[in-house]
Amino acid sequence: MKILVPVKRVIDYNVKVKVKSDNTGVDLENVKMAMNPFDEIAVEEAVRLKEKKVCDEITAISIGSSKSEETLRTALAVGADKGILVETQEEAQPLEVAKILMEIINKNKPDLVLMGKQAIDDDSNQTGQMLSALLNWPQGTFASKLEVKGKSLNVTREIDGGLETLNMDLPAIITTDLRLNEPRYASLPNIMKAKQKPIEKITPKDLNIEIKQRLKTLKVTEPDKKEAGIKVDSVEELVSKLHNEEKVI
Amino acid sequence: MSVLVIIEHDNQNIKNSSLNTITAAKEIDNSVHAVVLGENCSKVSEQVSKCDGIEEVFVADDLIYKNHIAENISPKIVELADKYSHILAPSSTFGKNIMPRVAALLDVAQISDIVSIENKDTFVRPIYAGNANLKLQSTDTKKIITVRTTNFEATKINGGNGKITKIEKNEDPNLSKFVKNELNKSDRPELTAAGIIISGGRGMESGKNFNLLEEIADKLKAAVGASRAAVDAGFVPNDYQVGQTGKVVAPELYIAVGISGAIQHLAGMKDSKIIVAINKDEEAPIFQIADYGIVGDLFKILPELSKEIDKINS
């Protein structure tokens, strides 16, 4: 079985995000970048399937600037076999990302696509579902458990209020939620080995995809700042404020 | 053109998330229609028809819609899409699962999790887990939108007299099959729907001590949450996690107990209306965003809090 894992380079989740003073976006200069945490979970799941001999080849793919090669190297260090970098300076929105992935899938014919449920930069949570619709493949979104059995799989999904299990035939699209697994760290020898693994470089144009800005950014602003409130001296005072003044309890 | 709302329900009752979504739809246009896809869901369509401002409710009643499988629902929405300029669903796991499919099949962008509406093509949505707000303009002819329900009032289920129109089901795409549901049996509300949340952090010291929070939660009809530190320490399961990589919440009241206030956690709860922090460290960053703070030992404060709540409840 072949697995494709899309990975996105995003701002590290521990970094405090700063809005640019001209309100055109978020400051990404000299900021620590990393693989999107949900994509790390997707890579980990693919590697576990390979360790269980369910999968024999993992391809990681990233769409973005040449720096996304670092993110692909991270995936290769954890256990992906090869990488594809779709290089573009433009910011690809989810529908175009899904179209690029569809073209790659039509060529490479993976049996399973494992991808993060959302990227922690734009928080769209769309690409997996869009890709599934474009390919007319089944989708198992927000996965917290995955059991591959021959040509089909059971996926347990995190839904509001609990869990839901679906069964679907391969090929399928799975998007990962937090509980699916805990990603490993790459070992130093594996980081060294990853440098030798192949990365194919192409552009959206090679795939006949035009990157459109369907959603135009008008303004990026800081959220309203909350003013620090007051310290109360007793629980009685607190409950009285919440009950009598704020009327929230 | 009218606006169409995809109704979230459990085949018995409309979910509150749909009522907030209807309000958002009414901000876009006066003419609001709704669609109910379910099985034995006539009660839901009646409720929707009574919602203030709904002109027409389309209902397709069939087994293929029973479990809200995205692949089964989205073709029907695409079929209806012709007549609408905007199609809205709540930004719940239900809406998030379906709407990107609808958008892709219509070859338009999807706009996720809007918190305000500037005009028919301009919306505001949080990015970077709410650390920034993006005002965007859609250049597509159709807008496929999910709505952050905490930012819109709920429409009342009275005053409306929408026409109920039965529609045919679509063909079963036979892609995903429902196996089972394991819904939390807790009487407590879901984190993302709760009006009050009480969350514990590393300061709780153990999973067992979360009993103290649960006791208070039950008295306030609140949900119980946790910081990533508490989840990583194994105190509670991952689905308790409030934060950038967990659940993003905005209740009326958020009580943070023994939570220092890492960026990761603040990003998931800072839009709460009233924030209370209980922490022994008066320098903890959580106090910078708290409306009310108490510095002290949570193991003394929580039992007192429980007693004080009894007083106002009695």
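**View 1. B:Val276 and its bridge partner in strand 16 of chain B.** B:Val276 has B:Tyr292, in strand 16 of chain B, as its bridge partner. The two strands concerned, strand 15 (residues 274-279) and strand 16 of chain B, pair in the parallel sense over four bridges; strands count as paired if DSSP finds at least two bridges between them. Helices (H or I, at least four residues) and strands (E, at least two) are DSSP runs, numbered from the N terminus. The model is predicted: local features need pLDDT of at least 70, side-chain atom pairs count only at pLDDT 80 or more, and totals for chains, interfaces and linings use all residues. Residues are numbered from 1 along each chain as its sequence is written, chains are lettered from A and ligands numbered from 1 in the order in which they are written, and side-chain values use heavy atoms, with hydrogens and water left out.

**View 2. The six-strand sheet with strands from chain B and chain A.** The strands of this open sheet follow the order 13(A)-16(B)-15(B)-14(B)-12(B)-13(B), with parallel pairing. Its edge strands, strand 13 of chain A and strand 13 (223-226) of chain B, each pair on one side only. Strand 13 (residues 230-231) of chain A joins strand 16 (residues 292-295) of chain B over two bridges, in the parallel sense, and here A:Ile230 stands opposite B:Tyr292. Within chain B, strand 12 (residues 196-200) and strand 14 (residues 253-257) pair in the parallel sense over five bridges; B:Ile198 is opposite B:Ile255.

View 3. Axes are lines fitted to C-alpha atoms, for helices over the stretch in contact, and angles run from 0 to 180 degrees between N-to-C directions. Helix 9 (residues 298-313) of chain B lies across strand 14, strand 15 and strand 16 of chain B, at about 135 degrees to strand 15.

**View 4. The 10-strand sheet and its strand from chain B.** This open sheet of mixed pairing has the order 11(A)-5(A)-4(A)-1(A)-6(A)-10(A)-7(A)-8(A)-9(A)-11(B). Strand 11 (199-202) of chain A and strand 11 of chain B are the edge strands. Strand 9 (residues 162-169) of chain A runs antiparallel to strand 11 (residues 176-183) of chain B, with seven bridges between them; A:Asn167 stands opposite B:Lys177. In chain A, strand 1 (residues 2-6) and strand 4 (residues 57-64) pair in the parallel sense over five bridges, and A:Ile3 has A:Ile58 as its bridge partner.

**View 5. The interface of chain B and chain A.** In this interface, 82 residues of chain B are in contact with 75 residues of chain A. Four salt bridges are counted between the chains, a salt bridge being a side-chain nitrogen of Lys or Arg within 4 Å of a carboxyl oxygen of Asp or Glu. B:Asp140 and A:Arg214 form a salt bridge, their closest N and O atoms 3.2 Å apart.

Methods
Contact means heavy atoms within 4.5 Å.
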